[in-house]
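Subject: Structure handed over, with notes

Dear colleague,

Please find the structure below, followed by my notes on what was found in it.

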Amino acid sequence: MILIVDYGAGNLRSVVRGLEAVDGEPLLSSDPGKFAEADGVVFPGQGSFETAMEKLRELNLEEPLKEHLSSGRPFLGICLGLQLLFDSSEEAPNAEGVGAFAGPNRKFQPGKKIPHLGWNSVEWRQNSPFFEDIPSGSYFYFVHSYYPVPQNADLIAGVTDYEEEFCSAIASDNQAAVQFHPEKSQKAGLQLLSNFVKICKENR
Amino acid sequence: MLAKRIIPCLDVDGGRVVKGVNFVDIRDAGDPVEVAKRYDEQGADEVTFLDITASSDQRETMVDVVSRTADQVFIPLTVGGGIRKVSDMQRMLEAGADKISINTAAVQNPELVDEGFRFFGSQCIVVAIDARSHSQTKGEGPWEVFTHGGRTPTGIDAIEWAREIEQRGAGEILLTSMDCDGTKDGYDLPLTRAISEAVSIPVIASGGAGTLHHLYEALTEGKADAALVASIFHFGQHTVQEAHQYLQDRNVPVRDV
């Protein structure tokens, strides 16, 4: 079973559908107890940094999420689910993120369309099992105005150019988080989800 | 680099594609799900359904269409038509739509844009603007916002309205030129450019596409971020691949499928 952490942030049905399409067994739940049973965890998210953190704490999901991250068990963060893993965000200067990784989230420089919305390419900076059979430079669907700046540059697994280069994926062994929406990124996205399902099965 | 998007748009009435689609090898050219799947295979960057069903008791049909599409098509799906309140938006989002397009209801009740933004986030909220020029000279403003499928004048200036809905939390603007729609003479470039320059959110150009060159013009001279396309795809004149190729050959960034 793959747990999709449900804390009321965005269209989670499409993540469920995406995982089902690649033979995963997703379970949408906000029960903190489900982390222990899961072969892997998907941490999705859309919307506001601050509201998401409030919801996460209200539902007592922050601690099990942190524990899961430090256990090294399979994990995939999506969109806001990437940003929340860091310390802070320019979106809400007083809000504290999960802080599993050191670094802030920054807003795109003005002078271009914000949000960064649509298909953009991702250059892999790591050989990760998450990216197997997906050529570097493949296009994925993005919708966001902020992006993380990891203090530890070794975490950076993918970068994207939107008139400035930003970190669009981080990865370490069986854990990764991406700024784009694999569930909306057609073949390349489904391949990434399929790779994640495989990682989950291998680590059962 | 961020790719310019090509978005096929299907008019749906009572769960069926209006006038059908002229694909030779499709099982049911009137089924929006089948057609959306085909466009997905062709490399469409998104798909938009516009529900033009007149009677509200047939709206449930659209929920089913959206749900069946989302089960099989893994690109962003926008649904518009007949969305009047937050609960309508929620129903479509739960069925599997990624974005909701509102038009008349937003003009009648601009608070709906704020509410949609608060409940679902701006990434879900597309405001459609139907605009018509007031000038005698072709391609000049001012442009007025029309509602009810372009039938009802509102007295609202299109550029001011675009700025207002951006402030209220809209994530994108779907801009249709009532002067150009159906002409196949090309998109309204001055209008598209004026709106695109007035806001920082993405603008989808709509109305008037008759050739691939028209798409190119909208995405370059018109400064649009995406082009909505109907008849030139539906009637088999061109495929989405051909559109992408045409643009790529002219150095417009498009998705490498």
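I begin with B:Leu50, which is partly exposed because its relative accessible area is 33% (buried means under 20% relative accessible area, exposed over 50%, and partly exposed in between, with a 1.4 Å probe and protein chains only). Before going further, please note that this is a predicted model, in which local features need pLDDT of at least 70 and side-chain atom pairs count only at pLDDT 80 or more, while totals for chains, interfaces and linings use all residues. Residues are numbered from 1 along each chain as its sequence is written, chains are lettered from A and ligands numbered from 1 in the order in which they are written, and side-chain values use heavy atoms, with hydrogens and water left out.

B:Leu50 belongs to strand E3 (residues 47–51) of chain B, where helices (H or I, at least four residues) and strands (E, at least two) are DSSP runs numbered from the N terminus. Together with B:Val18 and B:Ile52, B:Leu50 makes a nonpolar surface patch of about 200 Å²; such patches take residues with over 30% relative accessible area and no salt bridge, joining like charges within 9 Å and nonpolar side chains (Val, Leu, Ile, Met, Phe, Trp, Tyr) within 5 Å, and the areas come from the Shrake-Rupley method with a 1.4 Å probe, for residues counting only the protein chains shown as cover.

Chain B as a whole has ten helices and eleven strands. Its radius of gyration is 17 Å, close to the 18 Å that the globule rule gives for 257 residues, so chain B is as compact as a globular protein of that length (the radius is taken over C-alpha atoms, and the rule is 2.2 Å times the number of residues to the power 0.38). Buried residues make up 59% of the 257 residues in chain B.

The rings of A:Trp124 and A:Phe131 are stacked, since their centres are 3.6 Å apart and their planes at 5°; A:Trp124 is buried at 14% relative accessibility, and A:Phe131 is buried at 5%. A:Phe130 and A:Phe196 also form a stacked pair, with centres 5.9 Å apart and planes at 20°. Because A:Phe130 lies in the loop between strand E7 (116–124) and strand E8 (138–144) of chain A and A:Phe196 in helix H5 (residues 186–202) of chain A, this pair ties together parts that are 66 residues apart in sequence.

The charged end of B:Arg255 sits over the ring of A:Trp119, 3.8 Å from its centre, the criterion being NZ of Lys or CZ of Arg within 6 Å of the ring centre and within 35 degrees of the ring normal.

Finally, there are 27 salt bridges over all chains, each a side-chain nitrogen of Lys or Arg within 4 Å of a carboxyl oxygen of Asp or Glu. One of them joins B:Asp114 to B:Arg168, with the closest N and O atoms 2.8 Å apart. B:Asp114 lies in helix H5 (residues 111–120) of chain B and B:Arg168 in helix H6 (residues 158–168) of chain B, so the pair ties together parts that are 54 residues apart in sequence. B:Asp114 is buried at 16% relative accessibility, whereas B:Arg168 is partly exposed at 21%.

Best regards

How values were computed. Phe/Tyr/Trp six-rings, centres within 6.5 Å; stacked < 30°, edge-to-face > 60°.
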